[in-house]
Amino acid sequence: KHNLCFYWSLCVTVKTVLKIYMFSAATIIKLCRKVDVFSIITKLDVYPGLMVTAGLIHYILNLLHVTVHIRDVCVFLAPVFSGLTAISTYLLTRELWNQGAGLLAACFIAIVPGYISRSVAGSFDNEGIAIFALQFTYYLWVKSVKTGSVFWTIGCCLSYFYMVSAWGGYVFIINLIPLHVFALLLMQRYSRRVYIAYSTFYIVGLILSMQVPFVGFQPIRTSEHMAAAGVFALLQAYAFLQYLKDRLTRQEFQTLFFLGISLAACIVFLTVIYLTYTGRAHKLQPVCVFLLSRLHSYAKIHIPIIASVSEHQPTTWVSFFFDLHILVCTFPAGLWFCIKNINDERVFVALYAISAVYFAGVMVRLMLTLTPVVCMLSAVAFSSVFEHYMGDDTKREKPPEKAEEGLGPNIKSIVTMLMLMLLMMFAVHCTWVTSNAYSSPSVVLASYNHDGTRNILDDFREAYYWLRQNTDEHARVMSWWDYGYQIAGMANRTTLVDNNTWNNSHIALVGKAMSSNESAAYEIMRSLDVDYVLIIFGGVIGYSGDDINKFLWMVRIAEGEHPKDIRESDYFTPQGEFRVDKAGSPTLLNCLMYKMSYYRFGEITPPGFDRTRNAEIGNKDIKFKHLEEAFTSEHWLVRIYKVKRLENREALDHKLRSVVSRQKYTSKKVSVFPLRRDGFSCSLSFMMLSTTYSCDPHTHLR
Amino acid sequence: MTRRSAFVAVCLLFVAALSSEVSADGLVNEDVKRTVDLSTHLAKITAEIVLSNHGQSSVQSFILAVDADLAPHMAYIGASVKGDEEEHGTLELQQTSIQGQRGEFYKVLLPSTLAAGAQLKVKTEMMFSHVLKPFPTQITQAERQLVVFQGNHYLYSPYPTRSQTTRVRLASKTVESYTKLGNPSKTDEIIEYGPFRDVAPFSEDALKIHYENNTPFLTITSITRTIEVSHWGNIAVEETIDLRHTGAILKGPFSRYDYQRQSDSGISSVKSFKTILPASAQDVYYRDEIGNISTSHLQVLDDSVEVEVRPRFPLFGGWKTHYIIGYNLPSYEYLYTLGEQYALKMRLVDHVYDDQVIDYMTVKIILPEGAKNIHVDTPYKIDRMPNQLHYTYLDTFGRPVLVATKNNLVEQHIQDFVVHYTFNKILMLQEPLLVVGAFYILFFTVIIYVRLDFAITKDPAAEVRMKVASITEQVLTLVNRRLGLYRHMDEVVNRYKQSRDTGALNSGRKTLEADHRTLTSEISSLQARLKTEGSDLAEKVGEIQKLDGQVKELVCRSCSEAERLVGGKVKKETYIESEKSLTGRRQELISRIDSLLDAL
């Protein structure tokens, strides 16, 4: 109990800290449209690493009277950490191959678009620091496997701890390292160094990771972490057998081995029976199931909300090329070099590469874990090629040319030129992608006139700032969850759902409100105590990422929780099309989202022509009963509606006062507003309660 | 003379005291032309008064009265003498009170005494904020804004008035109603009252005008103006402004469609306004909590910089916004210095928009770290707060911050203040030295870390390697010196061949012998040390020694050959031949030694 309380309070503090930093960083925070998958799966709320890092840097700088604003710290955190990532990539590649490859790898990761997308200034994101932690942990792990020194392993554990505190992707480490150990065992590469490294890492790493409040006891409970435990046990058994092998004769050892195996089988069998009997079998989910393949299927089947995020779609070849360019072609060569000259640490990088490729294929977002290893292996490939073809110049004093007899200077220069050309094109591509795709903030849209002057569409901030300045401080805003963080950060208002909401039914309720007709939606909104509804509408300027285009996902998510009230098929035409014009389904044309998007849109010229969907809208005569337009931004991109309060019911009030006894009256009044959270109505009901309590003894006294 | 003047002064003082006590006596407002300007959201009441002294004695001051209802809203009051030539002397005002009368009273000190029977033309100016009350208080987007002004038909004065007129200037032709005292005439935006004859002192008669006024009812509810002075040539000014539309509150929905399509929709709303900054303002920024506000334009004019400030959204009645505007100024225009004395002369409050109203202002002046003996001269009375300390980059003991506040300011308050302080110029070096010191410490630490061995365990192999390296270094220098000896000997021999001085040759040979012996012994001792360290380099050094012995021999032989040549014991040809072979062998040996040295 006490522990729980402690963790809860920690959570609350960290959450407040998060709020503060989100608020501070909000100026440049990008439009982030994702749910943290890992926090959904592991039912977590937030990882403190990012905020703690930024806060610590800010604190230290201010201690030295370098009075940097926390916002600036947040903005520049990602670039600084990407610098550290380059350094740790260099170190890791140096351990794997040589210094030259290390330098190349550092150069690659410095400019590769796949990583720049997360490390541009202003992307205050978990991933920004997590990739550094990932690379550095791997470097220390390779170092500790190489040396078998507890010193390096402890370093590795600390780095792992940092990773755990920063990003849910730490499960990648805690599965890859055991996999490495397991592969080493299978390849007969067991050594005392591996034993020391893994035993220390597992124990210390486990204890440290459990100190992170949002991870808690998961490392010993959930199946994501079971692989590590299993490999740990296996390694102990293997080491024990090795020990016995030295002490016993062959005959004795064999008997003991079989005895041990059968005993172990018995124990496992009994445990499974016991757990099934006590109904705890689900805690022992099969270990060998690959983590993210589970995630993959889990996401696809159970959570439409994850499937609805574009970052969680399977990666296309185009995006591989877009994010990695030439590296995607050369990295298999590097992998081949590594496998050809295999040793302990190259086993690791091979496993890293294979698993990362698999994950990146599952969803676009995990491209991020693939990028570092691609850089490393491509660097290995390029470095080997250069070493081979530019060899003469570097090895001046070693004249004997053994294998390179046949290489003429022409071939050498041609190959070198070709490789340099490739690298040059890579650099050009990276610059282009970075400037075009990853450099512009997505809250501010820009369009260009015919004469080349830039037109800035600042509608998002216009509307958010209006909310911030001209609504009640405690106003609650209902919007689709994509805009949750933005509303919290820029408008400083409470939202019903945001980017970190893992309560699916809550999101579904918002989806239901959006996809119901006005009166049904009003009931939901009143029960959720909504003051304002915010939607994004791109029909005037042709912005395609608006709510109507996302609307089917809202319907699907709502249908998942409320299959009786919402059916996806109702929103399609009989031909199975999603249309907003006259041919569209009547359910769609009268649902709240449609009405809010197109309110008074029929009056503009050309009459009601939606530029995003290239159609003239079907319902031009939209009237609201319970809502009122509160604000629409300059280009109609953001529309905010105010939810009207209930109209007065004087007669009812009068009747109640004269007929119903006082006790009942108050209890009824209280139950009218059971879901209210705002100060006013709470204090109202509380006042009523207290008056009844103070009144009752009074009457008794009389 | 002095006694007499003192007497006159005492008399005058007495007379002044007397006249203030019996203030109403004597002075009469001969002719008053009053203008009530209601064309903006401010009420600007000016009056041209012809004041005449009907009393027996001359007066030095007169009393200016403010209506009781308007007095709490008064932002500014001023009076000036209007001479025959257009010279306006602003007069000094002191607040006083008159018993038994409502309102506020100010004693205006005249520049020269007004003798009995004399006349004086005075112009007074009063500014009132928030006296135009929107009525109705809530309007929809399509409606126009109507306001009510309540004032006085007469000049509120402690003196009787002979004749006066009141002219009211409105913002538009549309007037709902106005009081009709004395059958006023109305043409377009102007209503003329009067003339009224022989008005008694302190007479009041309610003036009420209800008219349409769509001028921007903008109010700065609070402004914080921060001026940060740097002695490195820059003054940074930043203003944090809270703005509110204090006109009739918007009722019902805000429709963007109507606002965009119909020109008269939301006519009382504020879309943008102009802020005038000093001409030397640079690096102007305009932003709020969520970043740069992209809807602004900057125009650099000859005598000013104009910023067209457009809030993120149009301001309707009751809506508010908040923004920050800041810029840099070169300090040579505002900071004056004489030795260690400094004076900063700047505007206490600057222009934000035309006809501005500031409800609450805070001024913060951040002086450089180490500024002392600070004192401030302000053009009008402001409330000083206790000084604060401000820490920014590289500060150690903080910069002094002067803080002052004032309520209810208008355009007339845009005036200069002066801050005097002393500053020791040596302190300018403090921050650069701090940086230099920090880097010095950093590099020093790195040097220490690199040079010293902090390992807690000894690494014998590395130690031996280092020792061997140092010994080989010594061997190298010694061997090179020994080779140098031979070259020197060659020179000696050559000189001998020309001069035929046997003594010089012998002494040269002797020094060679001696030096060579010491060097060789030193090298062999080093060789022995190498051997004890267990390095295989010892053998190489031994080889060098052996080769060197041969070189030495060759040198000696060439020396003796030369002797024989000089002695005439050999022919020149044979000598040259033998010399050639000797030098050839020597070259070979020396190159072998060199290769060995390289391998060391």
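Guide: To compare two helices, each is given an axis, a line fitted to its C-alpha atoms over the stretch in contact, and the angle between the N-to-C directions runs from 0 to 180 degrees. Please keep in mind that this is a predicted model. In chain A, the axes of helix α15 (residues 317–324) and helix α20 (residues 409–438) come within 8 Å of each other and cross at roughly 105 degrees.

Visitor: How are α15(A) and α20(A) oriented to each other, roughly parallel or roughly perpendicular?

Guide: Angles from 65 to 115 degrees count as roughly perpendicular, and therefore α15(A) and α20(A) are roughly perpendicular to each other.

Visitor: Which residues of α15(A) and α20(A) meet?

Guide: From α15(A) come A:Phe321, A:Phe322, A:Asp323 and A:Leu324, and they meet residues of α20(A) including A:Phe426, A:His429 and A:Trp432. Sorted by class, this contact of α15(A) with α20(A) has eight nonpolar residues, one polar and one charged.

Visitor: What should I look for where chain B and chain A touch?

Guide: Begin with the residues and the area involved: chain B gives 29 residues to the contact and chain A gives 27, while the area buried between the two chains is about 2700 Å², with 50% of it from carbon and sulfur atoms. On the side of chain B, the residues B:Arg256, B:Tyr257 and B:Ile290 supply 26% of the area that chain B buries against chain A, more than any other three residues.

Visitor: How many salt bridges are there between chain B and chain A?

Guide: Side chains of opposite charge can pair when their charged atoms come close. Between chain B and chain A the count is five salt bridges, and B:Arg256 forms a salt bridge with A:Glu462, where the closest N and O atoms are 2.7 Å apart. Over all chains, the count comes to 47.

Visitor: Which residue forms a salt bridge with A:Lys595?

Guide: The partner of A:Lys595 is A:Glu518, with the closest N and O atoms 3.1 Å apart. This pair links distant parts of the chain, since A:Lys595 lies in helix α27 (residues 592–598) and A:Glu518 in helix α24 (residues 518–527), 77 residues apart.

Visitor: Where in chain B is B:Asn373 placed?

Guide: B:Asn373 is in strand β29 (residues 372–377) of chain B, and it has a positive phi of about 50 degrees although it is not a glycine.

Technical notes. Residues numbered from 1 in each chain as written. Chains lettered and ligands numbered in written order. Predicted model: local features only at pLDDT ≥ 70, side-chain atom pairs only at ≥ 80, totals over all residues. Heavy atoms only, no water. Helix = DSSP H or I, 4+ residues; strand = E, 2+ residues; numbered from the N terminus. Parallel < 35°, antiparallel > 145°, perpendicular 65-115°, else oblique. Contact = heavy atoms within 4.5 Å. Nonpolar A, V, L, I, M, F, W, Y, C, P; charged D, E, K, R; others polar. Buried area = accessible area lost by both parts, 1.4 Å probe. Salt bridge = Lys/Arg side-chain N within 4 Å of Asp/Glu carboxyl O.
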